[in-house]
Amino acid sequence: MKKGGIAAILAGVVLVAFILVFVGVGTNQAEKIDYQIELEESVSSESTSPSVPEDEESQGIEEAPSMTPQSTVPIQPSSSSNSTERTFCGKYKCITDKVRRIIDGDTIELKNYLGIRLSLTDAYEKSKSGGPAATAFTTKLCPVGSFITVDQDDRQPFDIYKRILGKVYCGNMVLNSELLDNGHANILVKYCKTSEFTKEDWAIKYGCASK
């Protein structure tokens, strides 16, 4: 009876020990599994975190825009072109044509226009003293075959002979002014009140200032 009881007790102890060992292993295994799951989730969350789009990344390293101010200096036309004077010819004709003939110092015949007469400028007559020199001067400044530009006088477009009156450009020089400056012509003072060019520097210089 004693042997049987002892055996039963030992069997019970073994069973309890076995149960305890089994439960302990299971708990450890469960903890290991939980830890492994947490670790995998942590790794997964790091590897799947939202990435920055490529275009946003490029903006992040983009260089700052240049702060150099833009030039505010206006572009100036060539000082030798007289482009402003030639462009604004008023309400009447702005003619560019080839010289056919120099009639005298203040009168020119063009290829497509019979006669051009200089406004406010009276060159010496060809048949009188100083006339040949005035004609030669105009011929040199505006030679036959060259192109000249005529700014027709807005206030007095034609003379009594129906010739076009105007300011004549030969190259970059104003023939009206050049004839006066070189002593080959006189100002026509009586027309100062009726000419577009009365306030031109050359007209004022030679007599239109007081008119």
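The largest pocket in this predicted model has a volume of about 360 Å³. Here a pocket is an open set of points on a 1 Å grid over the protein atoms alone, where a 1.4 Å probe fits, with protein on both sides within 12 Å along at least five of seven lines; lining residues have an atom within 4 Å of a point. The volume is the space filled by probe spheres set on the points, which are joined across faces, edges and corners.

**Pocket lining**
- Of the 22 lining residues, Arg117, Asp159, Arg163, Leu188 and Tyr191 are the closest to the centre of the largest pocket.
- Two or more lining residues come from each of β3 (116-118) and β4 (121-123); strands are DSSP runs of E with at least two residues, helices are runs of H or I with at least four, and both are numbered from the N terminus.
- By type, the lining divides into 10 nonpolar, 4 polar and 8 charged residues, with Ala, Val, Leu, Ile, Met, Phe, Trp, Tyr, Cys and Pro as nonpolar, Asp, Glu, Lys and Arg as charged, and the others, Gly among them, as polar.

**The chain as a whole**
- The protein chain has 6 helices and 8 strands, in the order α-α-α-β-β-β-β-α-β-β-β-α-β-α.
- Of its 211 residues, 29% count as buried, meaning under 20% relative accessible area with a 1.4 Å probe and protein chains only.
- Among contacts (heavy atoms within 4.5 Å) with a separation of 6 or more, 62% join residues 24 or more positions apart.

**Nonpolar core**
- The largest nonpolar core holds 30 residues, and Ile108, Leu110, Ile148, Val150, Val168, Leu175 and Trp202 touch the most other members; such a core is a set of buried Ala, Val, Leu, Ile, Met, Phe, Trp, Tyr and Cys residues joined through side-chain atoms within 4.5 Å.
- Strand β6 (residues 164-170) gives the largest share of this core, 4 residues.
- Beyond four places in sequence, the contacts of Val168 include Ile108, Ile116, Leu118, Ile148 and Val150.

- Gln156 sits in the loop between β5 (147-152) and β6, and counts as buried because its relative accessibility is 18%.
- Leaving out residues up to four places away, Gln156 touches Leu165, Tyr191 and Thr194.
- Ser177, in helix α5 (residues 175-181), is buried at 13% relative accessibility.

**Reading the numbers**
- Residues are numbered from 1 along each chain as its sequence is written.
- Local features need pLDDT of at least 70 and side-chain atom pairs count only at pLDDT 80 or more, while totals for chains, interfaces and linings use all residues; side-chain values use heavy atoms, without hydrogens and water.

Key. Buried < 20%, exposed > 50% of the residue type's maximum accessible area, 1.4 Å probe, protein only.
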